[in-house]
Amino acid sequence: MLKYLVILVIIFISYILYQRNNYPNYELFTGHNYPNYHRRVSYYTNNTAKHFFSTNKSAVLYLESVDKTTVGDKLPGNNQINNYYQFIQNFTSREKRLLKKMVMALPKSKLLSGDWNFYKTNRLLEYGMPFTLGNVIFMPDIDDSRHYKRTLVHEKMHVLQREYPASFNHFLEKTYKFRLVKRVGHLPFTVFSNPDGLQLPNASWIFPIDGKWYCPFLTIKQGQLSKIAIRVNLVNERTVAIGDHMTPVSDLLASRFPTCPINHLYHPYEIMAELGMKYIIEGTSGDSRIDDFYLKLNNTIICPISNI
Ligand SMILES: [Zn+2]
């Protein structure tokens, strides 16, 4: 009898441990006495990654685009997209504490409210750069530097872009004349697919300079990432053909976005994420139109976990 009881207890404990490992840990922040500013930090474990990469809409879209548009030149993590999930690590308890402390110490802003979901990557994935897929932020390591704080907010801006795509796209088209188009023709370089600034065959952002249109890309040359714009010709309002003239993106966009650092100056979603971060941390992006945009967005946000 006792033998069966022991077996039952062991099964029960195993089940509890299994459940714990398969669900993210939640940390609810209620530090500010305003429901709209709640932040909830979740840490996903690596045994949820396989499921995530095969079911999350933006992860599936991204992995398909990597498969179709990029060849060679990438680090192992990108060449083995079927095994992408294997590069996901587990956070240590110390890392979790530090990450939570960092998120909770960010400025009080509705733009930073809601869920903060994290996966930990390793340095083989995406050159060890932070990125987002859906509403999850992928981070290779954690520290408490000023730079890290800015990176966290930058990544959260990408999550916001996915939550409010119509607001961002409308603003970019109306204010900066960016245009979302379908492109045709072969690209004469290897595209580095950035999940935060996807350039899919049927959806690319272009921008006009002196009456000519350009499409920005992140490419890899001899293991180095570079940001270039290639000339495109309008076939109709929403279709472009790839031309052959290439220019560094910063030469074209630096005067339009003088407060955006050069390493973020290419895809409009990267520019918006970086300037959104400056707006939140420094109080201004240095561009009043972008400040206005984020202020308006801030006023429309209802924190999704405000009722908890
Ligand atoms: Zn980014």
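Which residues does Ile 206 touch, not counting residues up to four places away in sequence? They are Arg 179, Val 181, Trp 213, Tyr 214, Cys 215, Val 232 and Val 240. Contact here is C-beta to C-beta within 7 Å, with C-beta atoms placed from the backbone.

The model is predicted: local features need pLDDT of at least 70, side-chain atom pairs count only at pLDDT 80 or more, and totals for chains, interfaces and linings use all residues. Residue numbers start from 1 along each chain as its sequence is written.

Ile 206 belongs to the largest nonpolar core, which has 64 residues. Phe 118, Ile 206, Tyr 214 and Cys 215 have the most contacts inside it. Such a core is a set of buried Ala, Val, Leu, Ile, Met, Phe, Trp, Tyr and Cys residues joined through C-beta atoms within 7 Å. Helix H9 (residues 268–282) gives the most to this core, eight residues. Domain 1 (21–150) and domain 2 (165–300) each supply at least three residues; their bounds come from an automatic or database assignment.

Strands are DSSP E runs of at least two residues, helices H or I runs of at least four, both numbered from the N terminus. Pairing takes at least two DSSP bridges. S7 (residues 179–184) and S11 (residues 239–248) run parallel, joined by three bridges. Lys 182 has Thr 239 as its bridge partner in S11.

Leu 124 sits in the loop between strands S4 (114–121) and S5 (131–133). Why is Leu 124 partly exposed? Because 16 other C-beta atoms lie within 10 Å; buried takes 20 or more, exposed 12 or fewer, and partly exposed falls in between.

Notes
Contact = placed C-beta atoms within 7 Å.
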